[in-house]
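Hi there,

Here is the structure I promised to pass on to you. My notes on what turned up in it follow just below, with the cut-offs included.

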Amino acid sequence: MWAAALCAGSAAWLTGARDLRGRRVRAVLGGGAPEGTDRWSWRRVVAARRARVRHEWWCLAVGLVLSLLGESVVPMALGAAGVPVARRVRRARDARRVRERRGDEVIALCGALAGEVRAGRQPGEALCVALGEVPGGSADGSGRGRDAEGGAGRCAVLAAARFGGDVPGALGEAAREPGAEGLVGLAACWRVAVDRGAGLAAGLERLEAALRAERDQRADLRAQLAGARSTAVLLAGLPVLGLLMGTALGADPLRVLLHTGAGLGCLAAGGFLEGVGVWWALRIVRGAEGR
């Protein structure tokens with residue numbers, strides 16, 4: 001049964017990958033499927049449901065399935081308790097992605113601003129044009145999209161640049177957003193260049209190089225720690241593999257764990273040790289990333 005399920009999943013995945021390659025070829029060559037043929041495909045339905053259902057609710061769904069299989073409410077209770085934990089993990093991952101995207105946009109802003117200044121534009125006009133060239137931003141000050149400064153901070157920077165306001169102060173306020181800390185350096189370059197007549201383009205290029213080197217260093221460190229993180233996740237999944245092997249051998253581990261006193265004690269002790277081990281391993285990895 002498990003082999004048949006694995007083969008069916010592999011076939012579905014290969015079929016989807018082949019169809020994805022076909023759609024890419026049709027998009028490049030200018031052809032496409034007739035309108036409405038792929039509108040109600042199972043991939044669109046799954047993608048729409050996945051966008052509506054948060055990943056943390058799968059913990060409750062898995063707990064419900066295990067409760068039905070093991071004829072006990074313990075898995076459902078554990079699944080419900082895992083929902084807030086999974087939500088916290090998802091929010092932390094989303095916050096890290098937003099922070100990294102803002103850092104990339106700050107680097108792009110420094111490069112675009114340096115190019116505009118070298119092209120002969122005044123600093124205020126160059127900043128307005130550079131903000132429009134940053135991915136996710138627009139030069140009309142409408143605030144649409146998500147750029148390095150984020151929302152009100154970006155509007156304040158644009159207003160200060162257009163109407164002769166305190167641009168370094170606005171950049172400093174925008175630098176409070178997570179991932180936009182590089183704007184502090186941009187504010188310092190602006191203050192030194194505009195107020196004291198120093199070269200703005202040279203300072204911006206050096207700032208861009210420094211921010212890019214810092215980003216590359218973080219990416220390299222994250223790549224080096226990927227092995228340790230994968231090992232921690234693999235060790236966390238070993239108990240599930242043990243349960244599957246016991247079920248395949250006919251030992252019925254769910255009945256032992258959920259309907260006997262010794263099994264419940266082993267489940268509680270194992271779950272506690274598992275959680276502590278995963279937390280400790282991830283804490284070591286995060287500590288290395290922080291340093």
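The largest nonpolar core has 34 residues, and Leu113, Leu127, Leu183 and Leu186 have the most contacts inside it. By nonpolar core I mean a set of buried Ala, Val, Leu, Ile, Met, Phe, Trp, Tyr and Cys residues joined through side-chain atoms within 4.5 Å. Buried stands for under 20% relative accessible area, exposed for over 50%, and partly exposed for anything in between (1.4 Å probe, protein chains only). Two or more residues each come from helix 4 (74-118), helix 5 (123-133), helix 6 (152-162), helix 7 (167-174), helix 8 (183-196) and helix 9 (200-248). Helix 4 gives the most, with 8 residues. In soluble globular proteins, nonpolar side chains tend to be buried together. Leucine 186 touches Leu109, Leu113, Leu171, Leu204 and Leu207, leaving out residues up to four places away in sequence; contact here means heavy atoms within 4.5 Å.

Before you go further, please note that this is a predicted model: local features need pLDDT of at least 70 and side-chain atom pairs count only at pLDDT 80 or more, while totals for chains, interfaces and linings use all residues. Residues are numbered from 1 along each chain as its sequence is written, and side-chain values use heavy atoms, with hydrogens and water left out.

As for the overall picture, the protein holds 11 helices and 0 strands. Helices (H or I, at least four residues) and strands (E, at least two) are DSSP runs, numbered from the N terminus. Of the 291 residues, 25% count as buried. Among contacts with a separation of 6 or more, 51% join residues 24 or more positions apart.

Now for the helix packing. The axes of helix 4 and helix 9 come within 9 Å and cross at roughly 155°; axes are lines fitted to C-alpha atoms, for helices over the stretch in contact, and angles run from 0 to 180 degrees between N-to-C directions. Helix 4 and helix 9 are therefore roughly antiparallel (over 145 degrees; under 35 is roughly parallel, 65 to 115 roughly perpendicular and the rest oblique). Residues of helix 4 in this contact include Val106, Ile107 and Leu113, and those of helix 9 include Leu204, Leu207 and Leu211.

Helix 3 (residues 57-70) also packs against helix 4, at an angle of about 170° with the axes 7 Å apart, so helix 3 and helix 4 are roughly antiparallel too. Among the residues that make this contact are Trp57, Leu60 and Leu64 of helix 3, and Met76, Val83 and Arg87 of helix 4.

The structure holds 1 aromatic pair: the ring centres of tryptophan 279 and tryptophan 280 are 6.0 Å apart with their planes at 50°, so the pair is tilted. For reference, rings of Phe, Tyr and Trp (its six-membered ring) pair if their centres lie within 6.5 Å, and planes under 30 degrees apart count as stacked, over 60 as edge-to-face and the rest as tilted. Tryptophan 280 is partly exposed, at 46% relative accessible area.

Aspartate 252 sits in the loop between helix 9 and helix 10 (253-259). Its phi is near 55°, a positive value in a residue other than glycine. Aspartate 252 is partly exposed, at 36%.

Best wishes
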